[in-house]
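Student: I'd like a close look at one part of this model, please. Could you walk me through the pocket and then the salt bridges?

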Amino acid sequence: CSSDLDSFTIGGATVLHDGNKFRMWYNGSDGFNHRIGYATSADGVSWTKHTGGAVMNIGADGTWDDVHIFYPCVIYDQNTFKMWYSGFDSQNNSIGYATSP
């Protein structure tokens, strides 16, 4: 398998439109781990992936999200993107929360 974020599977997307462009957060898998990717589009049909790979990566060994992170749900509230997402540590699924300006 390739080490690309979404070389194996892609899904679980959230799309927001801010009046100028569409923004999509999605989970992708390289065949080993799920991570969260990001892409933008002017028309909602043709998409450009974020060039830096995953915008959210799995946690460090021993953390609650060290195997997979997936299913992002994003809203824009008071100049802040707020994301809830699932994490997995090989035994338990948990919900995480992250913010970004």
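Student: What volume does the largest pocket have?

Tutor: This is a predicted model, so local features need pLDDT of at least 70, side-chain atom pairs count only at pLDDT 80 or more, and totals for chains, interfaces and linings use all residues. Residues are numbered from 1 along each chain as its sequence is written, and side-chain values use heavy atoms, with hydrogens and water left out.

Now, your pocket: the largest one has a volume of about 190 Å³. A pocket here is an open set of points on a 1 Å grid over the protein atoms alone, where a 1.4 Å probe fits, with protein on both sides within 12 Å along at least five of seven lines; lining residues have an atom within 4 Å of a point. The volume is the space filled by probe spheres set on those points, which are joined across faces, edges and corners.

There are 13 lining residues, and W25, F81, M83, T99 and S100 lie nearest the centre. Strand 2 (22-29), strand 6 (80-88) and strand 7 (93-100) each give two or more residues to this lining. Strands are DSSP runs of E with at least two residues, numbered from the N terminus.

Let's follow strand 2. Strand 1 (residues 9-17) pairs with strand 2 in the antiparallel sense, over seven bridges; pairing takes at least two DSSP bridges. Along that pair, G11 stands opposite N27. Four residues sit between the strands in this hairpin, and G19 takes a positive phi near 100 degrees.

On to the salt bridges: the structure holds four. The term means a side-chain nitrogen of Lys or Arg within 4 Å of a carboxyl oxygen of Asp or Glu. In one of them, R23 meets D18, at 3.1 Å from N to O. R23 is buried at 18% relative accessibility, while D18 is partly exposed at 39%. The cut-offs are under 20% for buried, over 50% for exposed, and partly exposed in between (1.4 Å probe, protein chains only).

Another one joins K49 and D6, whose closest N and O atoms are 3.0 Å apart. That pair links distant parts of the chain, 43 residues apart: K49 is in strand 4 (residues 48-49), and D6 is in the segment before strand 1. K49 is partly exposed at 47%, but D6 is buried at 15%.

D30 and R35 also meet in a salt bridge, at 3.3 Å from N to O. Here D30 is buried at 7%, and R35 is buried at 16%.
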